[in-house]
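Here is a short tour of a ligand site and a sheet. Please have the model open as you read.

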Amino acid sequence: MLDKTLDKTTVTSDPPAIVNRARSAVPRALKRYLSLDDFEATARRRLPKFLYGYISGGAETDAAMRDNRNAFDEYGFVPRVLNDVSGRNQTTTLFGKTYASPFGIPPMGSSALCAYRGDIVLTRAAAATNLPMILSASSLITLEDVRRENPAAWYQAYLAGLPARIEPLVDRVAAAGYDTFVVTADVPVPPNRENNIRNGFQVPLAITPQVAWDTVTHPHWLFGTWARTVINHGMPHFENMDAKRGPPVLSKNLMRNIGHRDQLAWKHVELIRKRWTGKLVVKGIVSPADARIARESGVDGVMVSNHGGRQLDYAMSALRTLPEIAALANGMTVMLDGGIRRGTDVIKALALGADFVWVGRPFLYAAIAGGEAGVRRAINLLHAEIDRDLALLGIRSIGEITPDLVRKF
Ligand SMILES: Cc1cc2nc3c(=O)[nH]c(=O)nc-3n(C[C@H](O)[C@H](O)[C@H](O)COP(=O)(O)O)c2cc1C
């Protein structure tokens, strides 16, 4: 499915017929995007400063976010040669389902505030290319609508430590047909992201003179995303925090909704485990000790992650504790996110023990720059990089990625 939209310049192993059809499938406006990093400049230009800062920024000094890149940069490859690498295949099986590549789109709150119908755009692109996508609890489109667009989407929860709120939410997600429930564990309190305060971005959204000026000077977003959303779909609400619809993005009731998160504990994960019959994932683990508890709590998978450097500053990159976590997983699926921008990053993470990885900001930038076609373009670029890198490493499949292919500089 993925190959239908692949660009000739990016893939060497497709039969010519697919390549020719595929070549014309890349819209002209998207051909100039040659790597995941290329989408950011367009997104930055189009978005009000407060929204660009919300996506791009980390917490406090951005040290955690920087470490996500530094950790990957510390590894190089030891490629093998003369291995006959024809017939390459990067399909990857995760929780019994085979995907086109070993990466997916992680939860990103307020996506539909950044790109028109952002969650739908991301989930459609994922469905069209046979990749998983996770819908955020902080999303603005109902989880039922997203599930209709992509029956393979996962749901991610931000939970208060209150069973009376957790249980009906779990039941709603199950009734909508989701089969994977993700609990994000690294948000007991709101983070300290000073860039948001400086840019006037706050929860709830408030139309200060600074924000008003920021929006009128970015008409692409004002008309193409905000006004279009309000006209076609009404004022956006946080649809999926709880069993019932949450408040609108401009509402002062929002703070009430994100309260009690500091009471969340492993006992609540165990409670969900009893109630939820599908796959259960805990996201936001960096410590091997926590990964062990997750495994002992009956969790099916962990997402090793410092939340893209957006929560605790100086939380170390997931890549640094990944090998230890992989070593104790004992059958539990180990996934990773944070800082992945290249096929080489994907392969480094898999070599160090990840079963699967997730790529955040670049896909949201691609949605802002080019809608669903933009996200598909970004996915295809990463797919093509992995295909090329496998060949240059002297291997043919994801299963052949082994620790001896990477070495610390
Ligand atoms: C704009 C934005 C919103 C996010 N919202 C959520 C969220 O609602 N829930 C969550 O678990 N993680 C959220 N994250 C974190 C991502 O799921 C992911 O861990 C992170 O983006 C990975 O790092 P990367 O952007 O460097 O790839 C968000 C990240 C961004 C950039």
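A polar side-chain atom of Lys283 lies 3.0 Å from a ligand nitrogen, a polar contact being a pair of N or O atoms within 3.5 Å. For Asp337, a polar side-chain atom is 2.7 Å from an oxygen atom of the ligand. Arg361 takes part through a backbone N or O atom, 3.0 Å from a ligand oxygen. Taken alone, the ligand exposes 600 Å², and the protein buries 98% of that (Shrake-Rupley areas with a 1.4 Å probe).

This is a predicted model, in which local features need pLDDT of at least 70 and side-chain atom pairs count only at pLDDT 80 or more, while totals for chains, interfaces and linings use all residues. Residues are numbered from 1 along each chain as its sequence is written, and side-chain values use heavy atoms, with hydrogens and water left out.

## The shell around it

How many residues surround the ligand? There are 22, and the closest are Pro107, Ser136, Tyr158, Thr184 and Asp337; a residue is near if one of its heavy atoms lies within 4 Å. By class, the shell has seven nonpolar, 10 polar and five charged residues, with Gly counted as polar and Tyr, Cys and Pro among the nonpolar ones.

## The sheet

Eight strands form an open sheet in the order 4-11-10-9-8-7-6-5, with parallel pairing. Strands are DSSP E runs of at least two residues, numbered from the N terminus, and two of them pair if DSSP finds at least two bridges between them. Strand 4 (103-104) and strand 5 (134-135) each have a single partner strand, so one side of each is left without a neighbour in the sheet. Phe103 stands opposite Val357 in strand 11.

Methods. A polar contact is a pair of N or O atoms within 3.5 Å; within protein, one must be able to donate a hydrogen and the other to accept it, and residues adjacent in sequence count only if both atoms are side-chain atoms. Helices (H or I, at least four residues) and strands (E, at least two) are DSSP runs, numbered from the N terminus.
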